[in-house]
Each structure stands twice: as C-alpha cells, then as structure tokens.
Amino acid sequence: MPLDAVAQFAPAVVEFPFREGYVSSIIYVSLYVSLIAVTLSTLFSVPVALVMGFTDFPGKQFVQSVINTGMGFPSVVVGLLVLFAVSNQGPLGTFDLIFTKEAMIISQFVLATPPITAISLAALTGVNANVRDAAHVLGGTRIDVALVVIKEARYGIATAILAGFGRAISEVGSVLIVGGNITSADGISKTRTLTTAIQLEARQGRYETAMVLGAVLVTLVLTINAVVVRLGSDEVSGR
Amino acid sequence: MSKQRTDGREGTASRRAFLAAAATGVTGALAGCAGIGGGQEAGNQAGVSGETLTLTTTTSTYDTGLLDEIHTDFEEMYGVTVDAVAQGTGAALESARNGDSDVVMVHARGLEDEFMRNGYGVNRRDLMFNDFVIVGPESDPAGIQGMDSATEALTTIAEAEAPFVSRGDNSGTHTKELNLWEAAGTEPGGDWYQETGTGMGEALNVANQQDAYTLSDRGTFISQRSEIDLTILVQGPIEDGPEILANPYGIMAVNPGVHDNANYDLAMAYIGWITSPGTQEAISNYQVNGEQLFFPEAVSEDPDFQQYVPEGWSSNSTDG
Amino acid sequence: MIDLSRVSKAYDEEPVVEDVSLSVEPGEVVAIIGPSGVGKTTLLRMLSLSLEPDAGTVELDGDAVWDADEERRLALRRRVGMVFQEASLFDATVARNVEYGLRVRRGWDDRLRDGLRSVLSSNGTPDAVEEALDVVGLDDKLRQEADSLSGGEAQRVSFARALAYEPEFLLLDEPTSDLDPRNTGLIEEAISEARDRGLGVVVATHDMHQAERIADRVGVLLGDGVTEIGPTETIFEHPTDERTRKFISGELVY
C-alpha cells in the first residue's frame, strides 16, 4: 500500500496520528467525488466541444468566453455560488444537498468542465479535416463522423480529462464550503477529502501532518496520471 | 475456486478471481459506508432512528476533539448520526440562520443573543466554559507577566508597541479580543498589530515565529504547547485569572417555526443529552495532553435563568 | 449515372467552378485533367454528393440530390466511394479502416453485437474487407496499424476502404501524385478492376499520360469550366479547343 511507503519517508518525529480507516476513508471520498464529477463533466463537455468546434449557432461567441472565463474562475467563488444554490434557502434547497458529497460533486463538475471542454475543443478541431471529410464521404451519419473525430482526438481528450481531474481533486475552498469537512465520530470521512483534511491540519498548525497527507495526495495524482499515460502508450505500441 | 488449470489459461482464472474479490470488496466497502449510523437496535425504539443531526460549531471547538469523543454515545443511544461541521462562529450561525443546520454550538454570547432576538434560535442552554489566556514569548518585552487585569495587559502591549497577532476573522476568539480592546479603551493599530485571518493553531504558529503576543483559547494552546515556545503570561479564570477572559459555550436549537425542515426533535434530544449529568461529566473528564479543557456549566443546583434569554432581557423590559 | 448539370461554386466570392456539366456512367473511367488548383477537387466533392453547388443541379439516376431530405441524401451518398490525394486513413488498424463503410451502414444493434463479439473473440473480419484488400494486394496487412504504412500502402488501403462496401461509383482525387511508379501501377490496375466490375469511376489528375492510359473519356478543366469532354483518343489527338491543344502539348504552363 502506498500509504506505508509514504509514512516511511516522513520524518521520524512525525507520528502517524490517524485512527485506523481515517486516511483510507478520506482517500475514498476524494476519489468518489472527483471521479464522478470528472466522468459527468466529460460526458457533458465532449459533446459541447463537438458542437462548438463544428457547428455555428447564435451565441457561440458568448459560450466561448464563458469557457475561457471558467478556466481561470476562482474555485472558492464557485463554492459560494453552489452553496447559495444548495442551501436550504436556495433554489435547490428541497434536495437537501448541503454538506453532502453530491454538493461537492456539483462544485467540482463546474470547475472541471471549462478545462475539459477547452482542451477537448482544441483536440477535436485539430483533427485533420481530410479525415473528417473521409468519414462523411464514405457514408457516415453525423454521429458516425463525430465518433470518428472523437476517436482520432482521443489522446487530446485524455489530456483534457486528466487536466479536469487534476483541478477537481486539488480543490479545497469550494468543497470545504459546500461539504463541511465532516467525519463521523470515529474518524470515517463523510465529506472530508485529502485536501480539506490538509486544510484542517494546517489551520491547527500541524504542518508536518499536513505534509504527510499532501504526499499521499501527490502520490495519488501521480499514480492516476501514470496509469492513464501507460494505457495510452500501450495502445500506441500495439499490445 | 476450482484448482488451477494448467492449459495456459491460468491468467484468465486468476483474473476472474481478482475481479470477484474486487467486486466483493467494493460491495462490502459500500455496504460498510452505508452503515455508519450504527446502534440500530437501541434506536429502533426512538422515532428519530436513522436520521442525521447537523451541528454547526466553531473550528476551535471542533479541533479540541471533544465532539468526536462524546458523540458516539449519543449516536448509539438514538441510532442516529451527528454531522459536526466546523465552520467558525460567524459561518456556524449563518448556516443555522439559513436552516442548513439543526443545532448550533458557539462561544460568542453577543452573537448568540442576536441570534435569539431575531427568532432563529430557541431553547438556549449554557453548556460549558473554558477560558482565554494571553500568551507570548518568555522574554516578555512588554512586561505583562502575572498581571491580573487583561485590559491593562493589552494596554501595556499597545503602549510598548510589542508585536501582537490577532485572528482578525470575526471568530469567537477574535470577538473576545475586540471586546477586550474596547473595554481597555485602546484602539489597536500600527505595524505591531497583525491580523492573520487564520485559525487559532496557525495564529499561534505565526505568533511563535514572530515572538509576538496573542490571545488564545486555552484548549488550542494546550494542544500546541509542545510545538511552540510561547508561554502563558496572563491567566484566565480557570487558573484564577481575570473573569473577563472567561469563554462560555452555549447551545441552541434552530427554530422550527422559521425552518420547518429543521430536525427539531433530534436537536432537542441532543441538547437534552449534552446537558445531562452523564455527558457533562464526560465533558469534564476530557483531557488533552493531560489537562482538562472544558468545565461543565449545564447542571447546577442553582440554574442561571439568564442562559435562556438574551443578556439583559427581563420581563419588565420591552425586548421582543 | 451521376450527372452534374451547369454547376458553379465560389469560395469567398472567388469562382472556382463555373458552369460545368459532367456525367459518369457505370462501367467507365472518366479522367478530369487540368493543372492543380483549377477546381478538380471541388468538382469531385460535388460528384461525391457532399458539396452543394451554388448553381446548377446534381442528379444520381435522376434523383435531384440537393432537393431531397437529409435521410435520402445519405442513402444516395452511400452509393459513392472516394479516395483522396492524402490517404486520410483513420488512426486504427487497416482492417478497421477498410470496414468503416460497412460498419456505418449497419444498424446500431448490429454494431453493438459486432463490437461485443470482437471484444470476446479475436477473429471475424468481414469477407468484403479481405476481398477489397485483395484487389490492392494488401490482404496480409489486416492487423497492421495504419500509421505504420508507407505512403503507397496507405493510398492502396484508402482505395480498399472505398471499395469495400461495393459502391456504384468511385471517385479518386489525384490518387497517385505522391506515389512511386510501382504503387501508381497497382492503383491504376485497381481502377481498371473497379471499372470491369461495373463501377463508374472518375479520376482527377494533372498527369496527362495517366489519363491517356486509364480513361475512357477525358474532361479537360482549364480554369473557366470544362473546355472539352470526349473520348480519350479524340481529346488527345484532335482537341477542338485551342487552349486544350496548348495544355496537352505542354505549351500552356500554369
């Protein structure tokens, strides 16, 4: 388990002060929220990118600037907006989403979508026009051509998804605000992620412990990136 | 699992075994996560069984670890889950105001009073208290050690322009600090006065690095004592210091008349439980680094009626 | 028969094709010759029923293509195959490229079933794919990745891809301009084979000698529309238009 390896490298003075199951539960919540948010975002963003790249519609410029603004949009402001929406007083109040993982998924969805859309858009429009034409001329419907383009752009889209995932799993401010950083009394996380756990340790001045959790987070992100890249290169070398 | 085949299909067999194990593991994990509530048997009698109580409180309260220590008892008793959300005083009250929580626990009497006056909170109880201390470097440049007036200590620091770290975040501690400055008749400002906008732990770290004074709740200071070089220079009332440094905690239920989806039944069960003799004793037994952090106030032969109403309210006044 | 009647097309107000009429019937090879950039590609795209002209009509067996609805147009388009100047293969195996036309013509439930079957077992290339690759002499390269092919091989695969779903018409846009003589020969043989099978073939080329070799009829495009269309011999030996004569003799240089 990578956890043990990380703990070994932590300075000797740092005890691993966490109860059993704490770290794995916060890893679970981090992954649960981020993976679902990124999956939903991809399912939404890639078709949007297709439409943006290959059709014309009124308001297209506006959508483009929304995407561009969204790339750099401060995540904590997204958190406030989602809080406003899901709070008991807000428009989505009836769904009881405040302080739940689902609210965190919503805010990470909002954050991941602009980079996934923008990078996918670049990848899709970068596909050779001749290939696109070929798919059309050889008798493909619009959907067939779209699928061909997506497949041609798959490495770029994978990059987009990794970028979105990176943004999602590193999120602190918004998931803290809408999730509440909750664990059960015996330390099993309900809405606490690696990032909000780090924030909690840091605000108590326990910086070394925070660093250990930070190392866990970095290891996790590196591993996922490595797996995706490896899958891509396996395909290239022709298993 | 049948014995391994040796016809070159071992890979498939072991892959299938792995998948089966993984599927079982995932199902088990999900089932385990769903069953956090615990204590189903006892709770089946209580009408609130299976529900979740949302409690908002301050970060310094939560960070002492007291709540995680005592909540299991309540959860098992009723078969419920308590979601303790550490937000900071202002945010905790705001959440309650919005109906996003069912019960709120803070230590800022003025803000609690305002909360009650505006009708958002009902059934307030005094819960427990601890105190604040003024800490600083051992060298004590302003010479405030052992003073028995907190306001005089602060004035001395201001006059000496000794570095002072403030939370600056409208937390309970920050509010207390501002009240002290006001009572001292001194307005803090200048390069020596730094507002960090952080939690108590971080503020102590900053003060430690800058050899500065700061106001801290005793609990956080005790938890961090081993890692910093600051020392208590002005004691709080627990150790015979000035009464003004007292830090009383109150608990209130969110008014179901304002938010009809507030879990009032469970909130009242919680308040009842946490002000009961048993739990109050558990609170007083709670220690960090060998020291008691909280002193129970709820159970008394001679209850303080002022705990139920905003400070200064009397039946003769025209307060609403 | 595909019939272009007095078609015109302009890009950004620059006329590219003006008032051109051209038709192709099953069982013949028509070459369109002319210098690069004169509008051959545009004409071919109109023949492939993918590009709507600004003026004029396009008909397939009497069906006015651009008056029909999208579903009908798709059905008409599917009777035509095309090979481009750059092979434009998909980033996949040769087999997957060649079977594209077959795949998209099947219903979605069939496609899903095929997909599942190919995940579980690893055989089952449609016969049509193997046959089409056989025509271009590449049936041994089914499993190879398209991006590892040489230029000539890629173009031959592109040919097989257009042939696999048995279109009635085959269009080729300067198919051998980047190829060595051997691959050029293979492609020209494949074109003959296609014509013998009854396809109507149109080849756009700037290589007059190629046109002489393979075409039954030749259309000469010199920049203001087709100047002449006629049997190959006639065009090359007795051109009626002065400009045609000059182009063929190499006098007109573009």
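Visitor: How many residues of chain A are in contact with chain B?
Guide: This is a predicted model, in which local features need pLDDT of at least 70 and side-chain atom pairs count only at pLDDT 80 or more, while totals for chains, interfaces and linings use all residues. Residues are numbered from 1 along each chain as its sequence is written, with chains lettered from A and ligands numbered from 1 in the order in which they are written. Contact here puts the C-beta atoms, placed from the backbone, within 7 Å. On chain B, 27 residues take part, and from chain A the number is 18.

Visitor: And by class, what is on that side of chain A?
Guide: Ala, Val, Leu, Ile, Met, Phe, Trp, Tyr, Cys and Pro count as nonpolar, Asp, Glu, Lys and Arg as charged, and the others, Gly among them, as polar. Sorted that way, the side touching chain B comes out as six nonpolar, eight polar and four charged.

Visitor: Within chain B, which helix gives the most to the side of domain 1 that touches domain 2?
Guide: An automatic or database domain assignment sets the bounds: domain 1 is 40–130 + 248–301 and domain 2 is 131–245. Each domain puts 18 residues in contact with the other. Helices (DSSP runs of H or I, at least four residues) and strands (E, at least two) are numbered from the N terminus. H3 (59–63) and H5 (89–98) of chain B each supply at least two residues, but the top giver, with three, is H3(B).

Visitor: Which element gives the largest share of the side of chain C that touches chain A?
Guide: There, 20 residues of chain C meet 14 of chain A. Helices H2 (70–77), H4 (100–104) and H7 (151–163) and strand S6 (80–83) of chain C each give two or more. The largest share, three residues, belongs to H4(C).

How values were computed
Contact = placed C-beta atoms within 7 Å.
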